[in-house]
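Here is my note on the model you asked me to look over. Please keep the structure open while you read, and find each residue as it comes up.

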Amino acid sequence: MAAINAPKGVPDYVPPRSRDFLHVQEKLSSPARLSGYEYIELPVFESTELFERGVGTSTDVVQKEMYTFTDRGDRSITLRPEGTAGVMRAVIENRLDKGSLPVKLWYRGPFFRAERPQHGRYRQLQQVGVEAIGSVDPIIDAEVIALADQAFRSLGLKDFHLDLTSLGCSQCRPAYRTKLQDFLSTCDLDQETRDRAALNPLRVLDDKRDTVASQLVDAPLMIDSLCVQCQEHYDQVRGVLRMFGVPWIEAPRMVRGLDYYTRTTFEFVHPGLGAQSGIGGGGRYDGLMAELGGSELSGIGFGLGVDRTLLACEAEGLTPLSERILDVFVIPVGDPSREPSVALLVALRVAGVAADVCVDNRSIKSAMKAANSTNAPLVIIIGPDELSTSSVIVKNMLSGDQRSLSSGHETLITAVQETLRSIQAETRKEDQS
RNA sequence: GUGGGUGUAGCUCAGCUGGUAGAGCGCUGCGUUGUGGUCGCAGAUGCCGCGGGUUCAAGUCCCGUCACUCACCCCA
């Protein structure tokens with residue numbers, strides 16, 4: 001039989017790297033969980049219209065990157081390409097916008113974009129995101145950004161930076177947009193770029209091609225055209241950001257690919273990833289909720305790329321992020337030892353000790369080899385000698401020491417837990433030095 | 001969607017100007033009597049991506065195809 005491959009551009013995470021993936025996902029979400037954000041679980045597919053209206057039909061995401069299909073009821077369905085629109089839909093549908101504000105939520109899971117795969121760019125990508133809806137207080141803007149900054153730092157990442165700017169609002173952006181379009185009309189651009197200039201001129205600023213970028217050095221910038229309210233808001237956001245201790249770089253040419261962003265807009269960039277250097281980004285959105293049929297509430301949020309953050313950790317040499325998943329490996333020697341070994345295994349697991357057992361009646365030599373490859377710090381051996389004396393051997397795999405302990409579960413497990421604690425304390429000391 | 005690169009053991013790769021496959025790592029076993037990580041010895045594993053062509057002969061040359069990969073557009 002011919003083997004079947006995964007669809008194009010979707011990653012598998014297999015051990016041991018899958019441990020790091022899980023670790024990254026956990027670390028990215030933990031600042032939000034510790035800051036009063038509640039979890040929201042959302043469907044992976046939604047009505048196509050949600051993304052057309054929410055993300056915007058002028059975006060590449062909607063125009064050419066969505067996985068859209070017709071379901072059996074002839075409805076147009078799309079695998080979600082991003083998280084914010086779905087959160088808005090659920091907030092409106094469940095009337096959370098009628099409750100106490102701001103609504104603070106976090107989510108995680110897979111998203112789908114039919115792009116050409118590349119390093120750090122997958123057709124199924126994993127994100128952790130937050131949304132804070134119903135307040136324009138600059139504290140919220142700064143908090144959301146600080147949450148992301150904290151998330152990356154908690155993994156030990158150092159080589160990333162934060163790009164920050166304000167994209168203005170419905171008061172000041174239209175005038176700027178016209179000004180920019182006037183400027184772009186004087187440039188020598190190819191047809192595709194001219195089309196983009198007509199549709200969404202801001203995105204032309206982001207073009208990396210020299211032929212385009214060189215013409216744009218004198219282009220007008222949104223940051224110089226902010227209205228008084230936007231300017232004041234942006235100043236305050238930066239003030240609070242200083243209080244949070246988050247450094248940033250002014251990025252007046254930064255543009256995001258999603259249409260709904262207004263005012264505060266940001267992106268975290270890591271240089272170690274190649275071309276796909278954004279490891280997270282987000283911003284404020286004023287009109288999105290109303291556009292989707294909800295209240296006139298502003299919100300702000302971010303999406304952090306789990307896949308790319310893992311790559312960033314690898315680029316900085318931080319991996320493996322977690323060495324050990326097992327505390328104890330139990331080895332039965334001989335048939336009569338199988339039953340007491342399983343009994344001990346169960347007791348260990350009930351007591352919260354991560355334990356596994358050697359199966360298939362392996363020789364003690366090969367069982368020890370298997371034990372070694374699990375990285376478990378402790379091995380418990382039960383053989384004929386131990387059975388006859390109602391004892392077990394507990395071996396410390398790091399030091400090589402071993403001792404004989406009574407096989408009574410209660411005292412044995414207490415001793416095992418103590419040993420694990422002291423081993424943990426020791427390795428922590430080593431890590432520090 | 002556009003352009004470049006690569007496809008040889010589980011992994012990383014070597015194989016010069018064509019003559020029916022190699023290394024390191026890993027894996028399995030052994031180094032005697034119940035003990036891993038070091039060391040030594042032995043061993044297993046390959047439709048050389050797939051299809052076609054040139055040739056007495058192709059992993060090696062040509063064409064196609066698929067996959068992967070990097071970059072562009074765009075994005076996490």
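1. **Ground rules.** This is a predicted model, in which local features need pLDDT of at least 70 and side-chain atom pairs count only at pLDDT 80 or more, while totals for chains, interfaces and linings use all residues. Residues are numbered from 1 along each chain as its sequence is written, and chains are lettered from A and ligands numbered from 1 in the order in which they are written.

2. **The whole chain.** Chain A has 15 helices and 16 strands; helices (H or I, at least four residues) and strands (E, at least two) are DSSP runs, numbered from the N terminus. The C-alpha trace of chain A spans about 90 × 55 × 50 Å along its principal axes. Of its 433 residues, 37% count as buried, where buried means 20 or more other C-beta atoms within 10 Å of a residue's own, exposed means 12 or fewer, and partly exposed is in between, with C-beta atoms placed from the backbone. Among contacts in chain A with a separation of 6 or more, 71% are between residues 24 or more positions apart; a contact needs two C-beta atoms, placed from the backbone, within 7 Å.

3. **An open sheet.** Follow the order β13-β12-β14-β15-β16 to trace an open sheet of 5 strands with mixed pairing; two strands pair if DSSP finds at least two bridges between them. At its edges are β13 (355–357) and β16 (402–406), each pairing on one side only. From one strand to the next, the twist averages 25°; axes are lines fitted to C-alpha atoms, for helices over the stretch in contact, and angles run from 0 to 180 degrees between N-to-C directions.

4. **Inside that sheet.** β12 (residues 328–332) and β14 (residues 378–382) are parallel partners over 5 bridges, and I331 stands opposite I381 in β14. By contrast, β15 (residues 391–396) runs antiparallel to β16, with 5 bridges joining them. There, V394 has R403 of β16 as its bridge partner. The hairpin of β15 and β16 has 5 residues between the strands, and G400 takes a positive phi near 90° in it. Helix α13 (residues 364–374) lies across β12, β13 and β14, at about 170° to β12.

5. **The RNA surface.** How many residues surround RNA strand B? There are 57, and the closest are H119, G257, G274, G305 and D385; a residue is near a strand or molecule if its C-beta atom, placed from the backbone, lies within 6 Å of it. Helix α13 gives the most to this surface, with 7 residues. Other elements that each supply at least two include β6 (124–133), β10 (278–285) and β15.

6. **A buried residue.** L147 lies in helix α5 (residues 138–154). Why is L147 counted as buried? Because L147 has 26 C-beta neighbours inside 10 Å. Leaving aside neighbours within four places in sequence, L147 is in contact with P31, A32, S35 and V130. L147 and S29 are 118 residues apart in sequence and 8.9 Å apart in space, C-alpha to C-alpha.

7. **An exposed residue.** D182 sits in helix α6 (residues 173–185). D182 is exposed because 11 other C-beta atoms lie within 10 Å. From the C-alpha atom of D182 to that of N5, 177 residues away along the chain, the separation is 50 Å.
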